Amino acid sequence: MKVVSVVGARPNFVKLAAIEPLLSKSLSHVIIHTGQHYDYELYKAHFKQLKIPEPHYFLGVGSGTHGYQLGEIVKSTEVVLLKERPDLVIVYGDTNSTLAGALAAAKAGFKVAHIEAGLRSFNMNMPEEINRRVVDHISWLLFAPTKSAIENLKRENVLGEAYLVGDVHVDVLNKWINKAERTSDILDKLRLKGEEYVVATIHRVENVENPKRLSDIVRGLKTVRKKLVFPAHPRTLNALRRTGLLRELERRSDILIIKPLGYLDFIKLLKHSWRVITDSGGVQREAYLLGVPCAVLRDRTEWVELVESGWVILVKHKMIELNKVLNLLNPPKRRPPILGDGRAAKRIVKVVIDKLNVL
Ligand code: UD1
């Protein structure tokens, strides 16, 4: 039996890290990296730290408009799939590589499995919302991380088979957090003490490519009364430079703008922070799992359970007083296991093997 995984961007790699070791134990597993992310910090650092084997194929698609990226990935993935002829193609999350990988597979007649199925923000301005909706409707196996995700799939009457398995990010965090604690020297490097700093990550198109919104966010960040560590995605750094906002941030000695971090450094940095400000789906979950209250710079989230838990607050258009928002965050002690029990990957691989065996 042969399974192909198609990945291309940072969040895809984290999810692949949960599945890969279990899958390659039981069957032949071929990894296609589309090349959507190619910088060391966004790609190699994650493969290296999460011990993911080198991809069998690197398609080198790179950056571009959505149409360009999707088209190039579909074309070159199809060539590989026709050569490899897998029994199943697995795609992860909601990036352009996820959609293009699923389309290439479905159109060439291969079965598709979607990990992280059923999430909905109901905001069609997010490219990821379009991606995951389409992928869910052309997949055969759908692995949902949360109860609300599986309910969304039922409501939409998807044709594939949906399974509630939990969130694979829990599996990955549980596996690596102790090693991160032991080996990462990120706090010393940045001269940080636990609980005394805030971590901020911002990269979503809606926040970064709209100059008014970006400048509101920067004003909000400047209200924070603790040290702020800001690992900046290349897209964000470019936009900050373009708009002259980078200089404004750099003038503040208590704001540290750094390159994106590898997985181990990042989870250690997160774990010891006082609060997190982010617009990332992955980071808000990691913050919850590590017990750090989190402000999410979005109008809506597909992780509704996190907001209901009181650990995550959505900060809509009014960014100005981010410091106040951070102080208002006062979650209950309890963190119910809304993201699952850390055995999502095991469940997924069992279903995959069982289903492929009876084909
Ligand atoms: C993608 C995903 C998003 C995910 C994010 C994580 C889509 C539609 N979006 O967004 O869901 O949360 O990854 O990082 O797939 N760039 C580099 N080096 C790289 C990659 C990108 O400099 O290695 C720059 C390029 O200028 C590029 C821009 O970042 O145009 C955006 O990259 P892209 O892959 O298109 O989307 P992300 O914003 O990274």
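How many bridges join strand β8 to β9, and do the two run parallel or antiparallel? In this predicted model, three bridges link β8 (residues 197-201) to β9, and the strands run parallel. One place to look is Y197, whose bridge partner in β9 is K227.

Now follow β9 to its pairing with β10. These strands also pair in the parallel sense, and L228 stands opposite I255 of β10. Strand β9 itself (residues 227-231) is mostly covered, with four of its five residues buried.

Here are the two pairings side by side:

| Strand pair | Bridges | Sense |
|---|---|---|
| β8 and β9 | three bridges | parallel |
| β9 and β10 | four bridges | parallel |

Next, turn to the helices. Two packed helices are described by the angle between their axes and the distance between the axes. Helix α7 (residues 168-183) and helix α13 (residues 263-271) pack at about 85 degrees, with their axes 9 Å apart. Angles of 65 to 115 degrees count as roughly perpendicular, so α7 and α13 are roughly perpendicular to each other. Their contact includes W176 and I177 from α7 and Y263 and L264 from α13. By class, this contact has eight nonpolar, one polar and four charged residues.

Y263 turns up again in the largest nonpolar core, which has 75 residues. Alongside I19, F143, L269 and V352, Y263 is among the residues with the most contacts inside that core. Helix α17 (residues 344-357) gives the largest share, eight residues. F143 touches I348, V351 and V352, among others. A second, separate core of 27 residues includes V198, A200, V315 and L326.

How values were computed:
Residues are numbered from 1 along each chain as its sequence is written. This is a predicted model: local features need pLDDT of at least 70, side-chain atom pairs count only at pLDDT 80 or more; totals for chains, interfaces and linings use all residues. Side-chain values use heavy atoms; hydrogens and water are left out. Buried means under 20% relative accessible area, exposed over 50%, partly exposed in between (1.4 Å probe, protein chains only). Two strands pair if DSSP finds at least two bridges between them. Axes are lines fitted to C-alpha atoms, for helices over the stretch in contact, and angles run from 0 to 180 degrees between N-to-C directions. Angles under 35 degrees count as roughly parallel, over 145 as roughly antiparallel, 65 to 115 as roughly perpendicular and the rest as oblique. Contact means heavy atoms within 4.5 Å. Ala, Val, Leu, Ile, Met, Phe, Trp, Tyr, Cys and Pro count as nonpolar, Asp, Glu, Lys and Arg as charged, and the others, Gly among them, as polar. A nonpolar core is a set of buried Ala, Val, Leu, Ile, Met, Phe, Trp, Tyr and Cys residues joined through side-chain atoms within 4.5 Å. Lists of a residue's contacts leave out its neighbours within four places in sequence.
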